[in-house]
Amino acid sequence: MTSRRPAKALFATSNGFGLGHVTRCMAIARRLPEDVEPIVFTLSEALPIVRGQGFFAEYFSSRDASGESSAQWNMRLARRVDHLLAEYEPAVVVFDGTYPYAGMLEALRGAGVKRVWCRRGMWRAGEGRANLMFEPEFDAILQPGELAAEEDAGVTSGDRRGVVRVPPILFSDDSELLPREQAAQRVGVDPGRVNVLMQPGWENQSFGPGARLCLERLARDARVRVVVAVSPLRSRAVPLPEEVATVSTYPLASVYRAFDFSISGAGYNIYHELIGYALPCLLIPNAGTPLDDQVGRARFAERAGAGRSWESGREADLDRHLAALLDDGSRDRMAARARELRFENGARAAADVVAGLADSARRR
Amino acid sequence: MDALRRLYRWLVRRLPPRAAWTLWRAALAAARRRRGRVAGPPIASAHVAWGASEGELAALVKRLTDGPENDPARLLVITDCDAVHVAAARGVRLEHVPPSEEWRRRSPDGDYDAFLERRLRSILASYRIASLDLSPGTPVSIARTASEAGVRLTTSG
């Protein structure tokens with residue numbers, strides 16, 4: 001019996017504000033079969049996190065960090081991608097981002113590799129139409145599922161030719177989450193209290209007035225212990241109120257069971273983790289992102305009964321939502337609704353797509 | 001050129017995707033023809049920080065940006081240190097190279113020095129670098145490749 005040389009899959013991730021792109025890539029990469037070796041090429045400073053998860057990683061500074069013209073940066077990027085293709089000879093390149101870079105596309109064109117665009121949906125209505133022009137540059141478009149798909153009014157919604165849809169992608173399977181006692185110990189909280197995880201969404205780059213108001217309201221309930229998630233990305237560190245307890249671990253979902261509910265942004269990864277792991281939540285959607293329709297996601301969660309959405313910014317609404325989340329019965333009902341919405345982790349199906357393309361490239 | 005760029009952006013936002021893609025392809029072809037003429041950014045001061053800890057890299061970046069040539073866009077650091085945020089936070093250009101132990105873990109039978117030579121040639125082709133300051137412990141392959149490319153080498157210890 002002869003052993004086959006592993007095919008390589010190069011996962012290229014854009015920078016982004018948080019860890020969404022790189023986390024999605026790693027979610028897929030860690031589920032590839034043994035005969036496909038993942039390599040992560042990231043523009044994110046999350047490089048140490050990627051290495052910490054056991055992946056071989058390459059880094060290229062994003063244009064934000066370089067201060068050069070688009071032409072210069074893309075020229076350098078094309079040269080680097082040329083170099084990576086020559087060094088690692090990947091069979092497949094998977095790009096996760098909403099706007100593929102010209103330099104990368106130029107290097108990939110005619111390189112004899114399969115090109116996959118992993119592109120989450122739920123774009124804000126009317127936004128990003130020009131991005132779709134890059135579809136012909138790819139052999140496959142992989143669209144991670146959206147639980148809130150019925151709210152999706154963006155340009156990637158509906159049936160689009162050549163798009164492979166998989167269920168929502170999560171880094172961890174439910175079975176990988178620590179049990180409550182262990183998770184509580186890891187976070188440093190008492191499992192007998194009402195523990196609240198605040199993860200405001202790091203694209204906001206501040207611990208804003210809404211988050212402070214939540215802290216103030218929750219401080220009135222003696223049962224409650226609040227822990228604020230600190231981004232593991234150092235440049236995303238934001239000043240926090242004094243004496244607030246913090247947690248910074250990756251993946252954060254591994255300690256979700258220490259908590260009774262979460263107050264969160266409504267970005268793709270956090271949202272699907274919260275609903276997927278049935279953690280009741282108060283969502284504070286960021287309406288100011290360029291493409292991501294967080295408001296649509298948050299509304300769906302509230303309508304489905306799996307969470308609450310605080311869009312208005314009004315204190316009275318916050319009080320109403322927190323009263324529901326601080327009520328044991330109401331929280332149990334939210335968790336039960338979330339479990340009814342449960343979905344299969346799409347990361348494995350996405351890995352199958354990538355592995356299939358790697359295999360077809362290997363056969364050529 | 002700026003007016004053309006604005007017109008291009010205006011058009012691709014309004015055209016149907018297929019027509020926008022055709023226009024984009026034409027723009028890319030023009031950019032490719034220009035590629036050889038798009039000069040890499042001129043670098044006033046380039047440094048190798050090999051084997052640097054996060055603190056050492058931060059100290060170097062601070063020293064460079066506090067120094068007389070303090071336009072960070074004209075400073076380049078080549079390093080195998082994973083704390084890439086340190087340079088980005090100050091706007092200094094950074095070229096990261098996978099450290100030897102990581103590279104060898106993935107490729108136990110590979111030749112890391114040959115990899116470094118290829119990577120450095122690619123980096124040198126991307127910038128206009130006249131001289132390169134080497135930290136203690138800089139691999140010989142880096143110094144040799146830079147020297148062969150006509151880059152003046154210095155060591156500031």
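How many residues does the contact take from chain A and from chain B? In this predicted model, the contact takes 29 residues from chain A and 32 residues from chain B. On the side of chain A that touches chain B, the elements giving two or more residues are helix 2 (47-52), strand 3 (56-59), helix 3 (63-66), helix 4 (70-88) and helix 5 (102-108) of chain A. Helix 4 of chain A supplies eight residues, the largest share of this side. By residue class, the side of chain A that touches chain B is made up of twelve nonpolar, six polar and eleven charged residues.

Elsewhere in the description of chain A, strand pairing was examined. Strand 9 (residues 224-229) of chain A pairs with strand 8 (residues 194-199) of chain A in the parallel sense, over five bridges. Within this pairing, A:Leu197 has A:Val227 of strand 9 as its bridge partner. Strand 9 of chain A also pairs with strand 10 (residues 245-247) of chain A, in the parallel sense and over three bridges. Here A:Val247 in strand 10 of chain A stands opposite A:Ala229.

In chain B, one residue was considered in detail. B:Ala83 lies in the loop that runs between strand 3 (75-79) and helix 4 (85-89) of chain B. This residue counts as buried because B:Ala83 has 22 C-beta neighbours inside 10 Å, and the cut-off for a buried residue is 20 or more. When neighbours within four places in sequence are left aside, B:Ala83 is in contact with B:Glu54 and B:Leu57. The C-alpha atoms of B:Ala83 and B:Ala58 are 8.8 Å apart in space, while the two residues are 25 residues apart in sequence.

Note on methods
Residues numbered from 1 in each chain as written. Chains lettered and ligands numbered in written order. Predicted model: local features only at pLDDT ≥ 70, side-chain atom pairs only at ≥ 80, totals over all residues. Helix = DSSP H or I, 4+ residues; strand = E, 2+ residues; numbered from the N terminus. Buried ≥ 20, exposed ≤ 12 C-beta atoms within 10 Å, placed from the backbone. Contact = placed C-beta atoms within 7 Å. Nonpolar A, V, L, I, M, F, W, Y, C, P; charged D, E, K, R; others polar. Pairing = 2+ DSSP bridges.
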